[in-house]
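Thanks for making the time, everyone. I would like to walk you through one structure, going from its sheet to its helices and ending with a single side chain.

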Amino acid sequence: MSKIDYKKRLKTHFLYSWWKYALALTLSLFGVSLAFDMTAYRSPEDKKTELYILNGYCDTEALQRDLWPLLQAECPEQEELISMNINLLGDDMYVRMQYMTYIAAHQGDVFLMPEAEFRNLMSEEGAEQVYVELTPYIESGIIDPGDIDLTAGYAADSNGQTGLYAIPADSLTGFSKYLCNPEKSVLAIVSYGGNLDTAARLIGIMLRTLR
């Protein structure tokens, strides 16, 4: 076979089979990406705190950037703070589905949420099935509600005993810096979280810096 014939056949081959090479390259890149994702280091649950903002829009990137150094100063063993905005005040059904998926997967530690959602998410078996009772953290000084009216944060447990399971956030007007309105919302810690003490410290920091 002459060089001319060989080049012609090679040109024809690539003309009709280029997609095979493109597919092989795409699959290779996907495989590398998947392998990286599977082997990449992930902070353990007790060294990671997730803050979910559910009461409308919030610039969570700026909020996370400001809160992280303060949390790290109090809890130097922590490796990561994640702040996520899931706007439940809108009409997007897919946002609600995303939110319920996170709840089912037991994701999140601290929730800034509408009062109505605080009640809606609560288990009929008792508030402690969903949220952490905050009185011990207040008594230890980790959370200092000051003169905040705590009425909206009380709920009954499975024994019918009333406890404090959320801190009303109306007075945290510092959220306006992040384009977030805290009116008629509360701060709560979900009981399935793997980092409860750090979550309580995060609420304490937010009460001090955003009020």
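Before anything else, a definition: the expected span of a helix is 1.5 Å times one less than its number of residues. Please also keep in mind that what you are looking at is a predicted model.

With that in hand, take helix H6, residues 196-210, which lies across S1, S2, S3, S6 and S7 and runs at about 150 degrees to S7. H6 has 15 residues, and from its first C-alpha to its last it reaches 21 Å, close to the 21 Å expected at 1.5 Å a residue. Among the buried residues of H6 are Thr198, Leu202, Ile203, Met206 and Leu210.

Now to the sheet itself, which is open and has 5 strands in the order S2-S1-S3-S7-S6, with mixed pairing. Strand S2 (80-85) and strand S6 (167-168) stand at the edges, and because each has a single partner strand, one side of each is left without a neighbour in the sheet. Further in, strand S3 (residues 110-114) and strand S7 (residues 185-189) run antiparallel and are joined by 5 bridges, with Val110 having Ile189 as its bridge partner in S7. Helix H2, residues 60-74, lies across strand S1 (48-53) and S2, and its angle to S2 is about 155 degrees.

Which residues of helix H3 are buried? They are Val95, Tyr99, Tyr102 and Ile103, and they cover an arc of only 100 degrees around the axis, which puts them on the same side of H3. These buried residues pack against S1, S2, S3 and helix H4 (115-121), whereas on the other side of H3 we find Met93, Tyr94, Thr101 and Ala104 exposed. At the start of H3, a side-chain oxygen of Asp92 comes to within 2.9 Å of the backbone nitrogen of Tyr94, and just after H3, His106 takes a positive phi of about 55 degrees.

Let me finish with Gln78, which sits in the loop between H2 and S2. Leaving aside residues up to four places away in sequence, Gln78 touches several others, including Asp46, Trp68, Gln72, Asn195 and Thr198.

Conventions: Residues numbered from 1 in each chain as written. Predicted model: local features only at pLDDT ≥ 70, side-chain atom pairs only at ≥ 80, totals over all residues. Heavy atoms only, no water. Pairing = 2+ DSSP bridges. Helix = DSSP H or I, 4+ residues; strand = E, 2+ residues; numbered from the N terminus. Contact = heavy atoms within 4.5 Å. Axes fitted to C-alpha atoms, helices over the stretch in contact; angles between N-to-C directions. Buried < 20%, exposed > 50% of the residue type's maximum accessible area, 1.4 Å probe, protein only. Arc of directions from axis to C-beta. Polar contact = N/O pair within 3.5 Å; in protein donor to acceptor, adjacent residues only side chain to side chain.
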